[in-house]
Amino acid sequence: MFPTHPLGKHAKILLSSVFGPYAQDDAFGSRTINPMELYHNQVTRFQGVFSLRMFHRSFGLLLMQANIDAPCTLLDFPTRERFIAELQETSYDIIGISGIIPNIRKVAEMCRLVRLHQPKATIVVGGHVTNAVDVERIVDADHFVKGDGVAWFRRFLGQDPKAPVRHPAVYSGFGMRILGYSPKEKPGDTAAILMPSVGCPVGCNFCSTSALFGGKGHFINFYETGDALFDVMHQIEGKLGVQSFFVLDENFLLHRKRALRLLELMQQHDKSWSLYVFSSARVLESYDIEQLVGLGVSWVWMGLEGDNAAYPKLRHVDTRSLVKKLQSHGIRVLGSTIIGLEEHRPEDMQAVIDYAVSHATDFHQFMLYTPNPGTQLYEKHKAEGSLLSPDEIDIADTHGQYRFSFRHPHIPAGWETQFLAEAFQRDFEVNGPSLARLIRTQMEGWKRYRNHPDARIRRRIAWENRSMATTYAGAVWAMQHWFKQHGKSVPQLESLLTEMKTLFGWQARALAPVVGMRLLLSMRAEDRRLREGKTYEPTTFLEKNPPAIALEQAQAVKSRAGSEIRRALPVVTPVMA
Ligand code: B12
Ligand code: SF4
């Protein structure tokens, strides 16, 4: 029988992500090379002062909170001390913790702390950590939720599990920093997060995300139709003033009917939104470029595994031509390459890396092939006896940026760390800073579409390129001078700046050195900080839903003073789901 909580919608709930700090080595499994930063963790990590630094919220928790009718407080990125203080100050009936496998020791410690400070609370653990081996022995919780927490919580609290899914209205990222500079984030500058579905029906054997939501053939749509999705986006646009959406859906374009209906509605309602999507190459190829441009797809994250990869998502796709084509239409590409596929041999690694780098994507993620528990790949290695034991690898190091968690058939243990580093370094040496590549691609879009007959497309292109003559021209100037001062001439940067000056006229010519000089100074300062070992951590957030705010007001609890961000988050409900 499905468990329910006796207090139902009256239960007081705390949801929390695992505690930080994250970017330092500690006994709970934090690692300096595993910061809470998407790009610096696994994409631009070897780009030094050019690395794109920013944080992303714990979106699964935000989505769950938006759909809980009981008083629910969300604590995102607490320190261990802050989590303890919350337990000491406020009593909860249910405490939900979200984590991934490398963070299992933090999850275990948080459950221990709950038992100590709030022994009556029901502990619910969810997210990828629930697939960890022996999780029920290592972590002392009452419920382990494998899969979607929205439906689970609704049933646990006696709510209607089939009610339309409410969506939080939140920005996708915060705390952005590049070239040592943190641009002032005006409302609407940053993309909003959009979560149409979870899981992926393609079911690649190594994919944790697909496995967590049922594997091959399975996924969960929060919004079935283009109409429901449009409605959610329209409302988020109204609440946040955004023009762009980071679509957190592993294979958004795979749901073709929904995507094409969204396009129709965007055209009907004259929406110039930009969409940043994840997609497999095969699915991307199945769309006409006019459809992608019409949908506002301007940033794509896609897998590029080697020439002869065995994965169906790449079958019969010439990824190099595809990347070139997308970029020539102003679509920025983040390519993703796995290092250490079964067929990789040490003697082939240069060719594997060169092939990846030859795509000249705007960003390139390199990750180690990792058999995560819960996936078919894990079961295969388990059956073959090739998994490393906990004595051979600490679970906190199985994050894909350091060591294999299995014995590779051809690559001797430890060599993978060097191959990974070489891949990042080579991509940086050959293709230069990602920031410059991104500017180049955006400019290609501007050249091609600035006079497009459709005003909707012209508006999007103008908005995306609004900083070309100012910040971007200054950034290219600064990057060029940085390399010059370090004894390197980078012809790509020189030609990029020349073209920007031609296209964007007097403003770019006048402002490039002015803005550029300021950026050069901030780059020097940042470089010094990075050399001294500076790392960055996300701010702590504490957010309450309306019933929790009402309860707090009724109890007249004093606000904590401190640097954390405390607020209520807007939520939108689709009219048609
Ligand atoms: C956004 C993201 C991040 C953000 C983290 C933001 C944050 N605040 O946590 C950033 C970019 C910083 C990040 C970093 C890392 N990530 Co990450 N990340 C993702 C990503 C792309 C999306 C997660 C997401 O928001 N999904 C959408 C929401 C709606 O789904 P969800 O989180 O799964 O939540 C649902 C359920 O899981 C469940 N649920 C979740 N939590 C809870 C809690 C409770 C109580 C309940 C009941 C239910 C529940 O309900 C939710 C609604 O359905 C996933 C891949 C993916 N597409 O899922 C990888 C992923 C989660 N990351 C992963 C990894 C490994 C990492 C890193 C180690 C880096 C790396 N090398 O990849 C670092 C770790 C950083 C650190 N120090 O901890 C792995 C986890 C693998 C595993 N099996 O554990 C994933 C699956 C990617 C992958 N490699 O396959 N990541
Ligand atoms: S296509 Fe991508 S998201 Fe889908 S199963 Fe394969 S790796 Fe996972």
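Analyst: Happy to! Two strands count as paired if DSSP finds at least two bridges between them; helices (H or I, at least four residues) and strands (E, at least two) are DSSP runs, numbered from the N terminus. This is a predicted model, in which local features need pLDDT of at least 70, side-chain atom pairs count only at pLDDT 80 or more, and totals for chains, interfaces and linings use all residues. Residues are numbered from 1 along each chain as its sequence is written, while chains are lettered from A and ligands numbered from 1 in the order in which they are written.

User: How many bridges pair strand S14 with strand S15?

Analyst: Strand S14 covers residues 297-303 and strand S15 covers residues 332-339. Tryptophan 299 stands opposite arginine 332 in S15. The two strands pair in the parallel sense, and the number of bridges is five.

User: Which are the edge strands of the open sheet of six strands?

Analyst: This sheet has parallel pairing and the order S9-S12-S13-S14-S15-S16. Each edge strand pairs on one side only, and the two are strand S9 (192-194) and strand S16 (363-368).

User: Which residues does valine 300 touch?

Analyst: Val300 belongs to the largest nonpolar core, of 153 residues, where Val300, Ala473 and Val476 touch the most other members. A nonpolar core is a set of buried Ala, Val, Leu, Ile, Met, Phe, Trp, Tyr and Cys residues joined through C-beta atoms within 7 Å, and buried means that 20 or more other C-beta atoms lie within 10 Å of a residue's own, with C-beta atoms placed from the backbone. Contact means C-beta atoms, placed from the backbone, within 7 Å. Not counting residues up to four places away in sequence, valine 300 touches Val277, Ser279, Leu284, Leu326, Ile331 and Val333.

User: Why is one side of strand S6 and of strand S18 left without a neighbour in the sheet?

Analyst: The open sheet of seven strands has mixed pairing and the order S6-S5-S4-S1-S3-S17-S18. Strand S6 (143-145) and strand S18 (565-567) stand at its edges, so one side of each lacks a neighbour because each has a single partner strand.

User: What is the bridge partner of phenylalanine 541 in S18?

Analyst: Strand S17 (residues 541-544) runs parallel to S18, and three bridges join them. In S18, the partner of phenylalanine 541 is isoleucine 565.

Conventions: Buried ≥ 20, exposed ≤ 12 C-beta atoms within 10 Å, placed from the backbone. Contact = placed C-beta atoms within 7 Å.
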